[in-house]
Amino acid sequence: MKRFVALYMGSATARERPNPDQATIARGMTAWHKWMTDHAEAVVYSGGPLGKTKRIDPKGISDTKNAVAGFVIVEAESHEAAAKLFEGHPHFSIFPGDSVEIMECLPVPGA
């Protein structure tokens, strides 16, 4: 099995939408937990939401922003199979997230 990191993506547009009401949050979290239970066999690491971002480069450390809202690591036979796990995911079907991006976790060269 291959491992994939799934990034829950937002955007400035998504953040500008009104905050969901408590009923929507409760419905979304119920759906999220159901997704995690339904896909427990594929979930390697449950990850979670992510906070503010720091950027480190040769000039030093600074605050920055990106569109990554959270992550999870899953196992699947292929990239396509990993992506299909997220069809209809509550991140974008209930909450104001924009998408889920899936990337294969590759081995470190020469390791």
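Q: Which residue forms a salt bridge with Glu-80?
A: Side chains of opposite charge can pair when their charged atoms come close. The criterion used is a side-chain nitrogen of Lys or Arg within 4 Å of a carboxyl oxygen of Asp or Glu. For Glu-80 the partner is Lys-84, with the closest N and O atoms 4.0 Å apart. This is a predicted model: local features need pLDDT of at least 70, side-chain atom pairs count only at pLDDT 80 or more, and totals for chains, interfaces and linings use all residues. Residues are numbered from 1 along each chain as its sequence is written, and side-chain values use heavy atoms, without hydrogens and water.

Q: How many salt bridges does the rule count?
A: The count is five. Among them is Asp-63 with Lys-54, at 2.6 Å between the closest N and O atoms. Both of these residues are exposed (over 50% relative accessible area; buried is under 20%, partly exposed in between; 1.4 Å probe, protein chains only). Arg-55 and Asp-57 also meet, at 3.1 Å from N to O. Arg-55 is partly exposed because its relative accessibility is 45%, and Asp-57 is so at 26%.

Q: In what order do the four strands form the open sheet?
A: Strands of a sheet pair through backbone hydrogen bonds, either parallel or antiparallel. Here the order is β2-β5-β1-β6, with antiparallel pairing. Strands are DSSP runs of E (at least two residues) and helices runs of H or I (at least four), numbered from the N terminus; two strands pair if DSSP finds at least two bridges between them. β2 (43–49) and β6 (99–104) have a single partner each, so one side of each lacks a neighbour in the sheet. Neighbouring strands are turned by 20 degrees on average, direction ignored (axes are lines fitted to C-alpha atoms, for helices over the stretch in contact; angles between N-to-C directions run from 0 to 180 degrees).

Q: Which helix packs on the sheet?
A: Helix α2 (residues 22–38) does, touching β1 (2–9), β2 and β5, at about 160 degrees to the direction of β2 (contact is heavy atoms within 4.5 Å).

Q: How many bridges join β1 to β6?
A: Six, in the antiparallel sense, with Ala-6 opposite Ile-102. β1 also pairs with β5 over eight bridges, where Arg-3 stands opposite Glu-75. Six of the eight residues of β1 are buried.

Q: Which residues of the largest nonpolar core touch the most other members?
A: Such a core joins buried Ala, Val, Leu, Ile, Met, Phe, Trp, Tyr and Cys residues through side-chain atoms within 4.5 Å. In this set of 15 residues they are Trp-35, Val-72, Val-74, Phe-86 and Ile-102. β1, α2, β5 and β6 each give two or more residues to the core.
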